[in-house]
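Student: I am new to this model and would like a close look at one part of it, together with its surroundings. Where should I begin, and which terms will I need?

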Amino acid sequence: MFPKGTKRKFSDSREEPVAGGEDVNQSSSAAVRMLSSYSLQRQSLLDMSLIKLQLCHMLVEPNLCRSVLIANTVRQIQEEMTQDGTWQIMTQALTQSLSPHPDAPTHTIDLSDLPLNAVHHDSLRDGIWEDGPLTCPGCAEGNRLGVSSPSPPHTSLPTSPSQDSSSGHPRAQSPSAHLRSFEGEMANSLGYLTDLALDDIFEDIDTSMYDSSDIPSALASYPSWVCGVSSWGDEGLKMCSSYTSASTLQQCLTDLNDLDHIMEILVNS
Amino acid sequence: MTGVGRSVGEAARVIEQAERGRGKKVKQEGGPQRLSHYIAPSFEKDRLHESIPGHTSPGIERASRIPLAMAGTGGGSNDVQWCFSQVKGAIDDDVAEADIISTVEFNHSGELLATGDKGGRVVIFQQEIENKSQPQCRSEYNVYSTFQSHEPEFDYLKSLEIEEKINKIRWLPQKNAAQFLLSTNDKTIKLWKISERDKRLEGYNLKEEDGRCIDPNTVTALRVPVFRPMDLMVEASPRRVFANAHTYHINSISINSDHETYLSADDLRINLWHQEITDRSFNIVDIKPVNMEELTEVITAAEFHPNQCNTFVYSSSKGSIRLCDMRASALCDKHSKLFEEPEDPSNRSFFSEIISSISDVKFSHNGRYMMTRDYLSVKIWDLNMETRPVETYQVHEYLRSKLCSLYENDCIFDKFECCWNGNDSVVMTGSYNNFFRMFDRGQRRDVTLEASRENSKPRQVLKPRKVCAGGKRKKDEISVDSLDFNKKILHTAWHPQDNIIAVATTNNLYIFQDKVN
């Protein structure tokens with residue numbers, strides 16, 4: 001559900017696919033803008049939460065209540081992202097980011113067939129974790145990040161039957177379109193990032209604080225491009241710009257991407 | 001300002017602390033640093049008042065005092081008008097971290113008001129009434145005792161520093177001339193005895209006046225030592241130390257109505273103690289999962305029922321309250337009642353769980369209701385109805401659209417407390433910008449007041465404040481974006497009988513009273 005009073009903001013770079021697409025009717029593109037704005041908001045919230053968790057762990061006096069609340073928020077977001085397939089896309093893109101595959105799709109994005117209700121908000125319920133940690137199929141198969149060969153994009157979503165039935169829209173076609181769209185966006189961004197000599201840029205930044213084995217492995221799941229998001233709906237309030245740390249995430253890429261490892265922080269504290 | 005047998009002067013008080021286990025008494029001149037900050041504003045010294053010889057009399061029975069509700073009796077304006085009475089603490093804006101007030105608590109008679117701070121110190125104020133004969137009279141709280149309750153410690157096993165910040169203070173019911181209170185930091189609870197001494201013995205046979213020993217062989221005659229009056233000295237001594245029972249941070253202590261036991265609660269466990277026994281405690285609630293990775297809920301507050309010594313409640317970070325009966329089983333993991341309100345689906349957001357986390361739970365004085373405070377509201381629950389609260393009051397609903405930035409700056413994790421007035425008709429809680437709110441349950445009215453130095457003229461009536469949530473801002477309203485989120489009122493306390501409230505801003509303690517004709 002969109003937070004109340006959200007003002008829709010979007011960055012122009014995200015708009016390109018829509019502008020480039022043909023025959024996009026107004027209502028659907030507006031919905032798509034709202035959706036991608038919501039996704040950006042959600043993503044930035046996720047990043048902020050992960051960084052908070054990391055800072056929590058580094059504090060002299062770890063506050064258990066705070067850590068649990070933030071971890072639950074992260075779980076909620078991951079849950080939702082898993083349902084609409086974004087989670088797998090991100091982990092996939094991360095794999096690709098390490099070694100950009102020449103066959104990575106760079107076609108223009110056609111978001112016209114992106115369904116309006118692709119993002120679910122009515123299944124934030126407890127008990128979703130009773131089956132164990134949610135991992136994307138690729139990762140579950142042992143396809144760890146850092147492996148050079150990217151796996152083909154997934155076309156199936158690991159949703160339970162009840163969620164499928166409650167979605168109310170045909171899933172056959174939308175996942176691939178959904179995946180393609182996000183994948184394409186990320187490939188574009190990632191191409192830019194991998195072109196740069198990242199080490200040179202961040203050379204002078206002291207990252208000794210982050211060179212710890214305690215770094216939550218879940219941080220590894222998120223490609224560095226997501227940190228650049230700065231849009232949010234709250235009026236007059238700044239977001240996220242202080243939370244970018246691409247170098248940190250880059251360093252975590254070799255860890256496992258299982259969200260439950262966030263709890264290791266809590267166990268250690 | 002001299003009363004009978006006693007000198008009233010804050011700086012002149014000498015605090016003596018018995019060194020635990022060392023058997024010697026240490027005289028501290030002036031007490032800890034903080035005393036010097038308690039320079040009463042000049043206007044306070046102008047008022048004459050009698051000193052009260054109340055320290056030996058038992059606490060005043062509740063029934064004999066007429067509790068004043070927020071709405072007065074009789075016609076005309078029924079509202080209580082709150083006036084500034086006193087402010088304690090440093091005036092300058094530079095807040096020393098150690099001076100941050102972390103808890104405020106009146107004792108059972110309301111005569112004493114205790115505050116704890118981040119530096120581990122406890123300061124107790126005593127009420128001195130201007131004119132006892134009138135039922136409504138001006139009273140003033142002056143420093144009675146100051147002592148260092150907790151010191152910073154270091155846990156060598158975990159390489160963690162244990163903060164000396166006082167998380168909670170709870171007064172024990174008075175049994176004799178001395179006062180007792182429990183104070184706790186994150187790990188250790190201490191029982192302090194505060195006693196007065198206004199006489200001293202003179203004429204020992206084996207000891208000189210300056211303490212030197214007299215050789216018994218030189219004594220030729222015996223005399224009986226006599227009592228001589230002396231300047232009043234208030235002594236605080238630690239009588240019990242209850243340590244090493246909590247792995248996680250203690251958030252609550254609550255004294256049982258049986259006057260023998262008390263509970264202490266940390267994030268995952270609740271322990272039951274006997275007031276006399278320090279080396280043993282019983283664990284009565286344990287919500288720690290076998291696998292810590294499955295942890296999703298923590299205990300945020302706990303309290304004993306005011307009348308039923310077998311009943312206590314604890315609140316959680318998921319917005320639920322569990323009532324437990326200790327007669328049912330030794331381990332109260334299984335609750336007797338679960339109080340939970342189903343979520344409003346239209347308000348759902350990623351922050352729903354965080355704002356539903358309960359920061360404080362308080363029983364009403366009559367024991368029929370309990371009040372919970374979550375981030376945006378105060379809820380009153382009837383103990384006989386678990387499905388939903390009987391009353392809900394919005395404290396600062398205008399913050400709902402700002403939750404994301406409040407999450408970013410961590411304000412969303414602020415733990416506000418709440419309190420009842422003496423006859424359970426009004427509840428009070430704090431907010432941001434040094435605002436605090438009162439909700440009159442009977443009159444269905446609420447008011448927002450501000451604790452600030454600008455409104456600190458003697459007996460100045462507090463003007464109700466209003467926050468403009470959106471749209472055109474009227475005169476005297478303050479817009480949401482202008483609120484200062486660093487000025488938060490987390491701790492408030494209400495005198496058990498009278499309309500006297502203590503409101504703690506970051507490092508100042510404000511005392512307000514209702515207007516006296």
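Tutor: A residue is called buried when its relative accessible area is under 20%, exposed when this is over 50%, and partly exposed in between (1.4 Å probe, protein chains only). The structure is a predicted model, in which local features need pLDDT of at least 70 and side-chain atom pairs count only at pLDDT 80 or more, whereas totals for chains, interfaces and linings use all residues; side-chain values use heavy atoms, with hydrogens and water left out. Residues are numbered from 1 along each chain as its sequence is written, and chains are lettered from A and ligands numbered from 1 in the order in which they are written.

Let us begin with Thr311(B). This residue belongs to strand 21 of chain B, residues 311-316 (helices, H or I with at least four residues, and strands, E with at least two, are DSSP runs numbered from the N terminus). Thr311(B) counts as buried because its relative accessible area is 5%. Not counting residues up to four places away in sequence, Thr311(B) touches Phe304(B), His305(B), Leu323(B) and Cys324(B), where contact means heavy atoms within 4.5 Å. Its side chain also makes a polar contact of 3.1 Å with the side chain of Asn310(B). Such a contact is a pair of N or O atoms within 3.5 Å; within protein, one must be able to donate a hydrogen and the other to accept it, and residues adjacent in sequence count only if both atoms are side-chain atoms. Between the C-alpha atoms of Thr311(B) and Ser257(B) there are 9.9 Å, while 54 residues separate the two in sequence.

Phe242(B) is 31 residues away along the chain, yet the C-alpha atoms of the two residues are separated by 8.6 Å.

The side chains of Arg437(B) and Asp446(B) are joined by a polar contact of 2.8 Å. A polar atom of the Arg437(B) side chain also lies 2.9 Å from the backbone oxygen of Val395(B). Both partners are among the residues that Arg437(B) touches, a list that also includes Gln394(B), Met428(B) and Thr448(B).

Phe227(B) gives a contrast in exposure. It lies in strand 15 of chain B, residues 226-242, and is exposed, as its relative accessible area is 57%.

The salt bridges come next. A salt bridge is a side-chain nitrogen of Lys or Arg within 4 Å of a carboxyl oxygen of Asp or Glu. Asp410(B) forms one with Lys52(A), at 2.5 Å from N to O. This pair crosses between chains: Asp410(B) is in the loop between helix 2 (403-408) and strand 28 (418-420) of chain B, and Lys52(A) is in helix 2 of chain A. Asp410(B) is partly exposed, because its relative accessible area is 26%, whereas Lys52(A), at 2%, is buried.

Asp410(B) also meets Arg66(A) in a salt bridge, at 2.7 Å from N to O. The elements that give two or more residues to the side of chain A touching chain B are helix 2 (26-58), helix 3 (64-83) and helix 10 (262-268) of chain A. Helix 3 gives the most, with 12 residues.

The interface can now be viewed as a whole. In it, 38 residues of chain A are in contact with 37 residues of chain B. Two salt bridges are counted between the two chains, and eight residue pairs are in polar contact across the interface, both at pLDDT 80 or more. The area buried is about 3400 Å², with 59% given by carbon and sulfur atoms; buried area is the accessible area (1.4 Å probe) that two parts lose on being put together, summed over both. As for chain A itself, it has 10 helices and zero strands, and 53% of its 269 residues count as buried.
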